[in-house]
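These are my notebook entries on one chain. I record below what I looked up, topic by topic.

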Amino acid sequence: MIIWFTRHYERILSEDVSHRNCTHCHNNVNYKFIRQRTWYFILVFFIIPIFVFPISTKYRIDCPICHAYYEVGKSDVRQWLKEQKEIEKILKN
Ligand SMILES: [Zn+2]
């Protein structure tokens, strides 16, 4: 007997990436930065228990008010997180 399914796992990379105007609700918000990974599960009973492997990784920014989201590239993630760390360093000093 074989059962397979996919499952999404989300991780918030940052709570406030950038202060922008949401194009959906038109509020000025700090977007959340989220990584969504999709995993593929295959359960094979009586032979080998489980195969699990990732099939996709997507990055997106979410509006905290209306929950509209916009997909972004991995290079955008690196750039924004780097900018945020630099801002935090400036604020600490
Ligand atoms: Zn919004």
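I began with exposure: I call a residue buried if 20 or more other C-beta atoms lie within 10 Å of its own, exposed if 12 or fewer, and partly exposed in between, with C-beta atoms placed from the backbone. The model is predicted, so I note that local features need pLDDT of at least 70, that side-chain atom pairs count only at pLDDT 80 or more, and that totals for chains, interfaces and linings use all residues. Residues are numbered from 1 along each chain as its sequence is written.

Entry 1, two loop histidines. I looked up H67, which lies in the loop between β5 and β6. H67 has 11 C-beta neighbours inside 10 Å and therefore counts as exposed. Its phi is positive, about 65°, although H67 is not a glycine. I then turned to H26, in the loop between β2 (19–21) and β3. H26 also has a positive phi of about 65° without being a glycine. It counts as exposed because it has 10 C-beta neighbours inside 10 Å.

I took helices (H or I, at least four residues) and strands (E, at least two) as DSSP runs, numbered from the N terminus. The chain has 1 helix and 6 strands, and from the N terminus on the order is β-β-β-β-β-β-α. The radius of gyration is 18 Å, well over the 12 Å that the globule rule gives for 93 residues, so the chain is more spread out than a compact globule. Here the radius is taken over C-alpha atoms, and the rule is 2.2 Å times the number of residues to the power 0.38. Along the principal axes, the C-alpha atoms fill a box of roughly 60 × 35 × 20 Å. Of the 93 residues, 6% count as buried.

I asked which strands form the open sheet, and in what order. It has 4 strands in the order β1-β4-β5-β6, with antiparallel pairing; two strands pair if DSSP finds at least two bridges between them. The edge strands are β1 and β6 (69–72), each pairing on one side only. The twist averages 35° from one strand to the next, where axes are lines fitted to C-alpha atoms, for helices over the stretch in contact, and angles run from 0 to 180 degrees between N-to-C directions.

I then went through the pairs. Strand β1 (residues 2–14) is joined to strand β4 (residues 32–44) by 12 bridges, and I3 has L43 in β4 as its bridge partner. Another 12 bridges join β4 to strand β5 (residues 50–62); T38 has S56 in β5 as its partner. Between β5 and β6 there are 4 bridges, and R60 stands opposite E71 in β6.

N28 lies in strand β3 (residues 28–30). Is N28 buried or exposed? I found N28 exposed, because 9 other C-beta atoms lie within 10 Å. Leaving aside neighbours within four places in sequence, N28 is in contact (C-beta atoms, placed from the backbone, within 7 Å) with H19 and N21. N28 and L43 are 15 residues apart in sequence and 45 Å apart in space, C-alpha to C-alpha.

W80 lies in helix α1 (residues 74–92). With 19 other C-beta atoms within 10 Å, W80 is partly exposed. W80 and S14 are 66 residues apart in sequence and 9.6 Å apart in space, C-alpha to C-alpha.

Key: Two residues are in contact if their C-beta atoms, placed from the backbone, lie within 7 Å.
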